Amino acid sequence: MPFTQLKLNPLLVNAVKELGFVRPTAIQSDAIPPALQGRDVIATAQTGSGKTAAFLLPIINRLLERPRRTTRALVLAPTRELAAQILEDFNALSIHTPVTGAAVYGGVSMGPQEHAFRSGVDIIIATPGRLIDHMRSPYARLNQIEHLVLDEADRMLDMGFLPEIRRIVAKLPGKRQTLFFSATMPPPIAVLAAEMLHNPVSIQTQRPAPASGITQAVYPVAQELKAALVAHLLQSKTMTQALIFTRTKHRANRLADYLVHAGVRADRIHGNRSQAQRTAALAGFKNGVFPVLVATDIAARGIDVDALGHVVNFDVPQVPDDYIHRVGRTGRAEATGEAFTFVSPEEEGHLRDIERVIGRRLLRVTAPDFDYQARPNQRLEIPIRQRIAEIRARKRDERARQAVNQARRAAAGRGQTAPPRSPNPHGGGGGRRRRRG
């Protein structure tokens with residue numbers, strides 16, 4: 001069925017055609033007609049199935065008939081990256097229309113976001129925390145909202161946003177259209193949906209599983225050789241572009257540094273990076289400056305790269321749903337891609353959980369010409385005991401510096417000569433260093 005049969009405005013059909021889409025995906029075919037009619041919708045569909053267009057197209061279509069300069073649609077998303085991606089999709093789909101939109105999320109100035117509220121953009125795409133920051137001011141008016149979307153509602157639940165969602169919904173008009181779009185539908189989300197939706201159309205295209213165009217494989221490898229295996233697959237051109245997921249921010253940093261030292265252009269994205277750094281890393285990955293992006297799960301729901309060839313689970317996800325979300329970054333919109341999972345012996349249990357959920361045993365492979373018996377030339381992760389000791393030493397140094405500075409300020413206030421600045425917080429100079437115990 002072509003998009004022309006969905007009864008969308010010709011301006012939207014032209015935009016879709018210019019984006020290269022010939023026919024709607026399954027979730028779009030099922031969700032767009034009832035959404036156009038104003039029905040509430042609760043939809044479960046696999047990552048990469050086209051959920052974003054499934055809610056944006058009918059909302060834009062309905063907003064075309066409404067007066068401008070009043071915010072009438074609100075989309076809630078769990079992460080900055082996903083909010084920015086939804087806005088990018090919105091701009092592409094609404095390019096021939098007068099409908100306007102803005103993204104509202106943390107890590108950047110609130111000024112332009114305040115301007116979007118005051119000017120009455122048609123649709124606000126927001127993360128819950130930053131939206132509540134704005135709601136403390138009278139300019140953030142949500143009393144005219146006619147369409148509410150919760151995208152990736154399950155991730156918002158995982159991230160602890162449920163109280164914020166309830167606070168936001170309490171400020172919205174009771175009479176509105178509500179659309180739930182999510183890759184999975186755990187019981188708490190079903191309960192929330194029952195509270196917020198009125199006689200919804202329920203859509204589940206298929207049970208949660210990676211898209212059919214994704215080739216999945218498992219590389220059994222010792223934990224200490226994982227970084228070397230990534231470098232080997234990149235250097236041998238088995239992978240030319242890859243989004244690599246690690247378990248922690250620290251491992252993301254260490255792996256990215258390891259790859260750069262191995263001659264691979266790579267960057268990293270995680271919660272400890274500033275918004276400017278995250279935006280630059282994502283932009284560099286999309287335009288090919290960095291063919292490799294190392295990420296934590298914060299990026300799993302917000303990265304949409306055309307024809308992304310490979311996703312790598314450097315660490316086996318501990319939750320099967322996270323596996324589905326991660327590998328769903330490739331093989332999007334009926335394209336093809338490959339997902340590799342590195343599994344060490346201690347991670348086999350988590351891998352079996354994933355295989356149980358997706359209903360199949362994943363193919364085990366080995367990399368030709370890779371030395372699985374090699375001794376690693378550096379550790380990817382500093383032992384936790386050593387990291388704790390380094391943190392304590394750093395804090396001890398900071399306290400010592402603060403004590404010296406306070407003494408200097410106190411002496412200056414009394415008009416006395418301040419004690420000399422010590423070259424290091426432990427006394428330094430030629431004096432005897434106090435034994436640490």
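**Conventions for the views.** The structure is a predicted model in which local features need pLDDT of at least 70 and side-chain atom pairs count only at pLDDT 80 or more, while totals for chains, interfaces and linings use all residues. Residues are numbered from 1 along each chain as its sequence is written, and side-chain values use heavy atoms, with hydrogens and water left out. Helices (H or I, at least four residues) and strands (E, at least two) are DSSP runs numbered from the N terminus.

Helix α5 comprises residues 111–119, and Gln113, Ala116 and Phe117 are buried in it. These buried residues fall within an arc of 95 degrees when seen down the axis of α5, so they line one face of the helix; the arc is that of the directions from the helix axis to the C-beta atoms. Buried denotes under 20% relative accessible area, exposed over 50%, and partly exposed the range in between (1.4 Å probe, protein chains only). The buried residues of α5 pack against β3 (101–104), β4 (123–126) and α6 (128–135), contact being defined as heavy atoms within 4.5 Å. Gly120 follows α5 and has a positive phi, near 75 degrees.

**View of the open sheet containing β3 and β7.** Seven strands form this open sheet in the order β3-β4-β2-β5-β6-β1-β7, with parallel pairing. Strands β3 and β7 (201–204) stand at the edges, each with a single partner strand, so one side of each is left without a neighbour in the sheet. The twist averages 10 degrees from one strand to the next. Two strands count as paired if DSSP finds at least two bridges between them. Strands β3 and β4 run parallel and are joined by four bridges; the bridge partner of Ala103 in β4 is Ile125. Helix α3 (residues 51–63) packs on the sheet, touching β2 (73–76), β4, β5 (147–151) and β6 (177–182), and its direction makes about 170 degrees with that of β5. Axes are lines fitted to C-alpha atoms, for helices over the stretch in contact, and angles run from 0 to 180 degrees between N-to-C directions.

**View of strand β2 and its neighbours.** Ala73 and Val75 point one way from β2, Leu74 and Leu76 point the other way, and all are buried. Four bridges join β2 to β4 in parallel, and Val75 stands opposite Ile125 of β4. Four bridges also join β2 to β5 in parallel, where the bridge partner of Val75 is Val149.

**View of the open sheet containing β10 and β14.** The strand order of this open sheet of seven strands is β10-β11-β9-β12-β13-β8-β14, and the pairing is parallel. Strands β10 (266–269) and β14 (363–364) stand at the edges with a single partner strand each, so one side of each is left without a neighbour in the sheet. Strands β9 (residues 242–245) and β12 (residues 310–313) pair in the parallel sense over four bridges, and Asn313 in β12 is the bridge partner of Phe245.

**View of helix α12.** Helix α12 (residues 275–286) lies across β9, β10 and β11 (292–295), running at about 140 degrees to β11. Its buried residues include Arg278, Leu282 and Phe285. The buried residues of α12 pack against α4 (80–93), β9, β10 and β11. Gly288, with a positive phi near 90 degrees, follows α12.
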